[in-house]
Amino acid sequence: MSLYEYDNAVYGEGLTCFCGVDEAGRGPLAGPVFAAAVILPQEPEIPGLNDSKKLSEKKREALFPLIMEQAVAFGIAAATEKEIDALNILEASKLAMRRAVESLKTLPQLALVDGNADPRLAVSTRLVVKGDATSACIAAASILAKVARDRYMLELDKSYPQYCLAKHKGYPTKLHYEKLVEHGPSTIHRQSFLKKWNRAAQASSNLGAMGEDYAVLALTSLGYEVLERNYRSAYGEIDVIATTEDYICFVEVKTRRQGSQVTGPEAVTRSKQKRIITTALCYLDAFPNSLQPRFDVLSVVTDKKGAIVDCELIPAAFDGGAYTNG
């Protein structure tokens, strides 16, 4: 049965006006959850209409204005990050659905709702599991909700460029987690989604502090004179600043568990290197000296219980390029 065959069967029940309802954005770590409600005319059919998950971004964008032009009525609404945290994502999704249906300029006799959870709408409701792949009006709602949310996240990216929202739309990708590690959560993040991550981050932070303590001892034992620890600028932070012979060393300390597939130097990404270099320039501007700058990485490895099993200093682990002193 095609999408329109299902909807025509609903018309065959004697109904003359019904809407499809669907949501988008239940899984992301950031941003609102969106929902849409759409009343389609019985004729004409919209070519290419399908479940939004089965369409490319380009195809969804092309269908978005067609659906709005041909719809008898449509409504798009959202539930915010704070509402998601207060209610939970399922209840917030239902709230967004209710808002979308309430915003319709025409009140339908029936709402076909994707899924198996009753959103408690003000109109009669029929739950349709995998509805976005079953009903034309639910598929249309899935496209409006998805495109509207993606566009919203693109706008958020302008205000929060550090999270690369344009690339992942807030979903829990590897890149998104990397940016969370670098910058921490923001006000647009769903704090209830980050509870486990926050606990892991706190454990990682404690591990990192222990590694830095050990790094200072290790550098001192090697004859370095430690000048600063956790030196901060507007651009970033340097774990340890120390001198030895003719060098002033800006040391990034990387503490990891035994068996990690990423080495200390590999963990210092190019963007991290740039922030360290810029912060080093701020330090040298504030405290000029005749020593040559060097960027080191000190790798600390612990076992599963947190005991340190290895420590390695990698001098000149990355190149400061033209950032020399003198």
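This is a predicted model: local features need pLDDT of at least 70, side-chain atom pairs count only at pLDDT 80 or more; totals for chains, interfaces and linings use all residues.

Student: How do you know how confident the predictor was in the protein chain?

Tutor: We look at pLDDT, which runs from 0 to 100. The mean pLDDT of the protein chain is 89, and 92% of its residues reach 70 or more. Watch out for residues 321-326, though: there pLDDT stays under 50. For that stretch the model has 11 contacts beyond four places in sequence.

Student: Why is Thr302 called buried?

Tutor: Buried means under 20% relative accessible area. Thr302 has 0% relative accessibility, so it counts as buried. You'll find Thr302 in strand S9, which covers residues 292-302.

Student: What is Leu298 in contact with, leaving aside its neighbours within four places in sequence?

Tutor: Contact means heavy atoms within 4.5 Å. On that basis the partners of Leu298 include Ala215, Leu219, Val251, Val253, Cys311 and Leu313. As for Gly211, its C-alpha is 9.3 Å from that of Leu298, with the two residues 87 apart along the chain.

Student: Is Lys130 buried or exposed, and how do you know?

Tutor: Exposed means over 50%. Lys130 has 64% relative accessibility, so it counts as exposed. Lys130 sits in the loop between strand S5 (124-128) and H5.

Student: What kind of peptide bond runs from Glu43 to Pro44, and what is its omega?

Tutor: Most peptide bonds are trans. The one from Glu43 to Pro44 is cis, with omega near -5°. Pro44 is in the loop between S2 and H2.

Student: How do you know what span to expect for H2?

Tutor: The expected span is 1.5 Å times one less than the number of residues. Helix H2 (residues 57-70) has 14 residues, and the expected value is 20 Å. From its first C-alpha to its last, H2 reaches 20 Å, close to that expectation. Helix H10 (residues 270-286) passes the check as well: it has 17 residues and reaches 24 Å, close to the 24 Å expected.

Student: Which residues of H2 are buried, and what covers them?

Tutor: Arg60, Leu63, Phe64 and Ile67 are the buried ones in H2. Their cover includes strand S2 (33-39), strand S3 (73-79) and helix H5 (136-159). An α-helix has 3.6 residues a turn, so residues three or four places apart point the same way. In H10, the buried residues include Ile276, Ile277, Ala280, Tyr283 and Leu284. The buried residues of H10 pack against S6, S7, S8 and S9.

Student: What makes a space a cavity, and how many of 30 Å³ or more are there?

Tutor: In a cavity a 1.4 Å probe fits but cannot get out. The structure holds 1 cavity of 30 Å³ or more. The largest cavity has a volume of about 50 Å³. Among the residues lining the largest cavity are Tyr4, Tyr11, Phe18 and Cys137. Helix H1 (residues 3-11) gives the largest share of that lining, 4 residues.

Student: How does the lining of the largest cavity divide by class?

Tutor: That lining has 6 nonpolar, 2 polar and 1 charged residues. For the second largest pocket, the lining has 2 nonpolar, 4 polar and 7 charged residues.

How values were computed:
Residues are numbered from 1 along each chain as its sequence is written. Side-chain values use heavy atoms; hydrogens and water are left out. Helices (H or I, at least four residues) and strands (E, at least two) are DSSP runs, numbered from the N terminus. Buried means under 20% relative accessible area, exposed over 50%, partly exposed in between (1.4 Å probe, protein chains only). Ala, Val, Leu, Ile, Met, Phe, Trp, Tyr, Cys and Pro count as nonpolar, Asp, Glu, Lys and Arg as charged, and the others, Gly among them, as polar. On a 1 Å grid over the protein atoms alone, a cavity is a set of points where a 1.4 Å probe fits but cannot get out, and a pocket is an open set with protein on both sides within 12 Å along at least five of seven lines; lining residues have an atom within 4 Å of a point. Grid points are joined across faces, edges and corners, and a volume is the space filled by probe spheres set on the points.
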